[in-house]
Amino acid sequence: MPANTKKTVRKRVRRRPNTKPSVIFLYLTCLIAASVVLYSTLFVRAYSSLSNPGGTDPVANNLPGHTDHSSGSDPRYKTYPNTGKTVATVLIDAGHGGMDGGKPTPGGILEKDLNLTIANKVGKYLNELNPQIEVKYIRTDDNVFWGSVESEDLDYRLAQQRETNADYFVSLHCNSYDGDPSVEGTVFFINPDDPVARELSEDFRDNMTSIGWAENYQIIDYELLQLVSMSDIHSILIELGYMTNASDLARLTDEEMQNKVAKAIAAAISDYIMENPDAPEFVNPKFRNGKPLKKKEDSSAASSQVSSQISSQTPAEAPQSETPDPAIPQTDGNTDASAADPNAQVPADTGAPADPNADPSLIDPNTGLPLQ
Ligand SMILES: [Zn+2]
């Protein structure tokens, strides 16, 4: 059957040119389609990053649960996807609480309530921006675990820093100075031995300044503030503003500004953690587990001395440079000489001379700043 064979061969030969173009056409079609998708995605991302210099990730923004419902939101803040793992734990502290109301305003607003409102907002935004960060709180309402003794709540807060295995501690307060209603601005307190806390407080400042908040600010490395000086983790205490200053108080009590400042703080710590995965843990050279490391003659009293947080420092005049390496203050509670004098300079290391007229009850125990 030579004819049939020849026919078959011819057919096969003829079929090849018909098959090849269709495969190539299909291949090219797929290639073009893939290229279109790829370049469209790249273009959208490039355009988006140009539109949002802060680097908002459009993919992350589209994840469920990441929609920003806040008024006055800032699209520059990054959101991070939920990877199912925790990269850091942040412990948020709403200053005062319970019997301890902090400083009241003439209008009857208590500092503890403003602190709580803003602290809860910081936690909410931190959860929204970055599910990879675990958020824990010292308190989320006014039911607290300590009584009326001031040292109990400070001890509790320090103990929680350890028990929650937190990496970062952010304590939120509102300042007061009745002596001069023009005194205004934000004050960040950090441990002088913790460079990470300094970097982070600078990020807080930058974000807060960008929303018109911390234009007047100070970053104070202050060894007399128990919550930062005795801490085993990166700790920052933020005095958000002065309730005794009209413009500061207006911002502190305005819900839109509360949202803005809470989000600015949340974004700063979220970005810092993600951009500094190798940030070293804080090893406190002076305290461990709330106890002083160096044996002093009166080491048993060192803790309570620090917790008394004696200060002659006024936020308006506090030094911004590094303070000399301080010894644990070997002073008693009455050394708080100029606690009632907000114009006095901070003591270089051991505290100011004793002032028999000083009234320790006039000191904000969490900040060491004068209440009156
Ligand atoms: Zn306070």
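The predicted model contains an open sheet of 6 strands in the order E2-E1-E3-E6-E4-E5, with mixed pairing. Strands (E, at least two residues) and helices (H or I, at least four) are DSSP runs numbered from the N terminus, and two strands pair if DSSP finds at least two bridges between them. Strand E2 (133-137) and strand E5 (217-221) form the edges, each pairing on one side only. On average, neighbouring strands of this sheet are turned by 20 degrees against each other, direction ignored. Residues are numbered from 1 along each chain as its sequence is written. Because the model is predicted, local features need pLDDT of at least 70 and side-chain atom pairs count only at pLDDT 80 or more, whereas totals for chains, interfaces and linings use all residues.

Within the sheet, strand E4 (residues 186-190) runs antiparallel to strand E6 (residues 234-242), and the two are joined by 4 bridges. Ile190 stands opposite Ile236 in E6. E6 also pairs with E3, in the parallel sense and over 7 bridges; Asn175 has Tyr242 of E6 as its bridge partner. Of the 9 residues of E6, 9 are buried, so this strand is largely enclosed by the rest of the structure. A residue is buried if 20 or more other C-beta atoms, placed from the backbone, lie within 10 Å of its own, exposed if 12 or fewer do, and partly exposed in between.

H5 touches E4, E5 and E6, and its direction makes about 30 degrees with that of E6. Helix H7 (residues 246-253) touches strand E3 (168-175) and E6, with its direction at about 115 degrees to that of E6. Contact is assigned where the C-beta atoms of two residues, placed from the backbone, lie within 7 Å. Axes are lines fitted to C-alpha atoms, for helices over the stretch in contact, and angles run from 0 to 180 degrees between N-to-C directions.

The axes of helix H5 (residues 195-210) and helix H8 (residues 255-275) come within 8 Å and cross at roughly 140 degrees. That angle makes H5 oblique to H8, where under 35 degrees counts as roughly parallel, over 145 as roughly antiparallel, 65 to 115 as roughly perpendicular and the rest as oblique. The crossing of H5 and H8 is right-handed, that is, the near helix is turned clockwise from the far one by less than a right angle. H5 contributes Leu200, Asp203, Phe204, Asn207 and Met208 to the contact, and H8 contributes Val261, Ala264, Ile265, Ala267, Ala268, Ile269, Asp271 and Tyr272. These residues divide into 10 nonpolar, 1 polar and 2 charged. Ala, Val, Leu, Ile, Met, Phe, Trp, Tyr, Cys and Pro count as nonpolar, Asp, Glu, Lys and Arg as charged, and the others, Gly among them, as polar.

Most residues other than glycine have a negative phi. His96, which is not a glycine, has a positive phi of about 65 degrees. His96 lies in the loop between strand E1 (88-94) and helix H3 (111-129) and is buried, with 27 other C-beta atoms within 10 Å. Asn165 likewise has a positive phi, near 55 degrees. This residue is found in the loop between helix H4 (150-163) and E3 and is exposed, with 11 other C-beta atoms within 10 Å.

Overall, the protein chain has 9 helices and 8 strands. Of its 372 residues, 41% count as buried. Among contacts with a separation of 6 or more, 72% are between residues 24 or more positions apart.
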